[in-house]
Amino acid sequence: MGIRTWIAGTFVLAGAWMAPAATDDPRVAINAFKFRPDTLAAATAFTPATNPASDLRTTLNTLLQEHVYLAAAATGSALGGRDGDFKAAAGALDANSVALSKAIGSVYGADAETAFLALWRKHIGFVVDYTVGVATSDEAKQNKAVNALVGYTRDFGAFLASANPNLTTEAVAGLVKEHILTLKTVIDAQAAKDPARAYMEARTAAAHMSMIANPLADAIIKQFPSRFASR
């Protein structure tokens, strides 16, 4: 929309609310300030600009941070023996996984969406194994889950690197490893029945997810610049 159109629309809108000339009739003043939707519609009838790049970045940040909070809700409920809460949180966590896979699929297609969802769910399964090991004081199970999660980071890094030449397996693996370690710290605090530390660690873990979301968004935008140009 041109600047002249914007200015003209602004003055039209202002006119809808402008007080009339001085008069002794109070009804005139009251009528002058009545809302006029027809004038407002004319003044604001334009198509707002969209920014696909910002939308992608926001979507990935929102979903990945939500992932942490829902995972923490699920593990906290499991460790507290709240079966109903655990099932509800686990269901919401999986819905988040599906939404995240759809965001990936919107860029790389249905096959990538399916593969991403299976791979993403895999690390959640390992987190569950670790939580069970903590709940039962089974160190062997805990160590096995941690080792599986560390190995998973390279699988996940390789998956994203194969789809996007602007990403490397090592860089992605390092970021995902940090995600796993920060989430592990949350679970350990929950198991220690230290809610204050658990919530603080959950904030730290959630904040870290921007270190995954932003580089991933940047790499996708760089890979497909025309698709993510402002319009």
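**Aromatic rings in the core**

Hi everyone, let's start with two residues: Tyr 152 and Phe 156 are both buried, where buried means under 20% relative accessible area, exposed over 50% and partly exposed in between, with a 1.4 Å probe and protein chains only. This is a predicted model, where local features need pLDDT of at least 70, side-chain atom pairs count only at pLDDT 80 or more, and totals for chains, interfaces and linings use all residues. Residues are numbered from 1 along each chain as its sequence is written, and side-chain values use heavy atoms, leaving out hydrogens and water.

Which residues touch the most other members of the largest nonpolar core? Among its 47 residues, they are Leu 60, Trp 120, Tyr 152 and Phe 156. Such a core is a set of buried Ala, Val, Leu, Ile, Met, Phe, Trp, Tyr and Cys residues joined through side-chain atoms within 4.5 Å.

Now for the rings. Phe, Tyr and Trp rings (for Trp, the six-membered one) pair if their centres lie within 6.5 Å; planes under 30 degrees apart are stacked, over 60 edge-to-face, and the rest tilted. That rule gives six aromatic pairs. One of them, Phe 116 with Trp 120, is stacked, at 5.7 Å centre to centre and 10 degrees between the planes. Phe 116 is buried at 2% relative accessible area, and Trp 120 is buried too, at 4%. Tyr 152 and Phe 156 are also stacked, because their ring centres are 5.8 Å apart and their planes at 25 degrees.

Finally, look at the cluster: Phe 116, Trp 120, Tyr 152, Phe 156 and Phe 159 make one aromatic group.
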